[in-house]
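Dear colleague,

I am passing on the structure we spoke about, and I would be glad if you could look through it with the notes below beside you.

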Amino acid sequence: MDALDLARWQFGVTTVYHFLFVPLTIGLGVFVAGLQTAWHRTGKAHYLRLTKFFGKLFLINFAMGVVTGLVQEFQFGMNWSAYSTFVGDVFGAPLALEALLAFFLESTFLGLWIFGWDRLPKRIHLACLWAAVIGSNLSAYFILAANAWMKHPVGYEVVDGKARMTDLWAVLTNSTALAQVPHVVAAAFIVAGGFVIAVSGYRILRERRMITDGDVTVPMARPARGRGPADPMMWRTSLRAALVMTAIAGAVVAGTGDMSGQLLRDQQPMKLAAAEGLRHDQKGAPASIVPGVEVPYVLSLLAAHDPNAEVQGIEDIQRRYAERYGEADYRPNVPVVFWSFRVMIGFGLATVGLSLLGLWLTRRRRGTPDWFARACLLALPLPTLAIVAGWLLSEIGRQPWTVQGELLTAASVSPSVSVTEVAISLALFTALYGALAVAEGWLLARHVKAGPEPVVPAPRVPDDAEPARLAPTLMY
């Protein structure tokens, strides 16, 4: 391997690992904010217990996402200096907005929410969480706008070998970004929904391991120190809320996926052709389910809303790109792109299908069957694998371009970085991320196994009343 290959591996390893935390943070933040809003409106204690239980899982995930995200800055500077030099003027604006506006909003109000329990008025405390959630979604928007520019560069000109931004509004309203943002954010809600569904299924199974002696119910397994007794309706509430969130997000992902498919036909035809394994230009192109199994006209119908529309094929695009940009191989890793697309679709549909089945089974206050609770737990990795596959489809399908039509990946690597330097940093980051993965898994599993802490709802007081003076304590 040369420095380019190792740099690509390092980018893939660190970015995929970081990407494991981002969607869960985005979706889980909204879910926790919804739970706290329900508590604020109803005063029911189980909403408060769920808010604090899933809030702690959200904070663990948020902290790990921030730590792993810092490495991205390092590797851009070390391994991709040629890329950074070319895109710096364009990327500067959205990334600065992300850091100065979105992340500042997110981190500041999240801190107020963490330390504001029993100190801030309930309404203000709830508003802090919603402000943090809005910040995390704004952060996703600015990052995805920058990423979309690499796929469909607009609002710029190339001067002295560097991209110079001429229209910030065009960059922020890039058609690719406007389709990509709701698609990715809705997929993040599916990841978070799948996580809550699995946790709720586990807790339902665990708390059914109880014995009843007369009027007294005793857990067979002693609850963890400081943890409260089971609430049989509490986990049904979180399960139903997550099922609804996942089902709605699934509809949004399907709709925005259709928009993205049409944009791919015009802006990134090679990625679309690789995802379908279409070798040559074809009118009335079929959609490939698996190699050798095709559905006539469906690809043309999905890509252009016309069953007889022409869709470009890999080899014909390669010939046209060679004529336009010079002799080179402009084909991505077709097997990886092809199967990533199917993993994304298959696992995503399985998760949404599970949510629809769950809504049917638990309708009209019906209980949750044990077999369904086990299925919820087993389905935990599906949405995460689906969104990671979607990321692989998006980024590997763009190869060999770093910036579509402007900058090749081979020309983006740092000219002075050595194989040894990249190999050492790759080994260090892989080992560090492995350790962080173990720590993250242990923390999440420990908290989920222990269950929610007991809470004593505070007496209802007006939001404008002066908060009581309490001894300093840390909630988290």
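This is a predicted model: local features need pLDDT of at least 70, side-chain atom pairs count only at pLDDT 80 or more; totals for chains, interfaces and linings use all residues.

Residues are numbered from 1 along each chain as its sequence is written, and side-chain values use heavy atoms, with hydrogens and water left out.

Rings of Phe, Tyr and Trp (its six-membered ring) are taken as a pair if their centres lie within 6.5 Å, with planes under 30 degrees apart called stacked, over 60 edge-to-face and the rest tilted. By this rule there are 20 aromatic pairs. In one of them, the ring centres of F91 and W149 are 6.1 Å apart and the planes stand at 75 degrees, so the pair is edge-to-face. Both residues are buried (under 20% relative accessible area, with exposed over 50% and partly exposed in between, using a 1.4 Å probe and protein chains only), F91 at 11% and W149 at 0%.

Y330 and W401, by contrast, are stacked, at 5.7 Å centre to centre and 20 degrees between the planes. Y330 is buried at 2% relative accessibility, as is W401 at 5%. Elsewhere, ring pairs join F31, F53, F54 and W235 into a cluster.

As for charges over rings (NZ of Lys or CZ of Arg within 6 Å of the ring centre and within 35 degrees of the ring normal), the charged end of K52 sits over W117, 4.5 Å from the ring centre, and R363 lies over the face of W360 at 3.6 Å.
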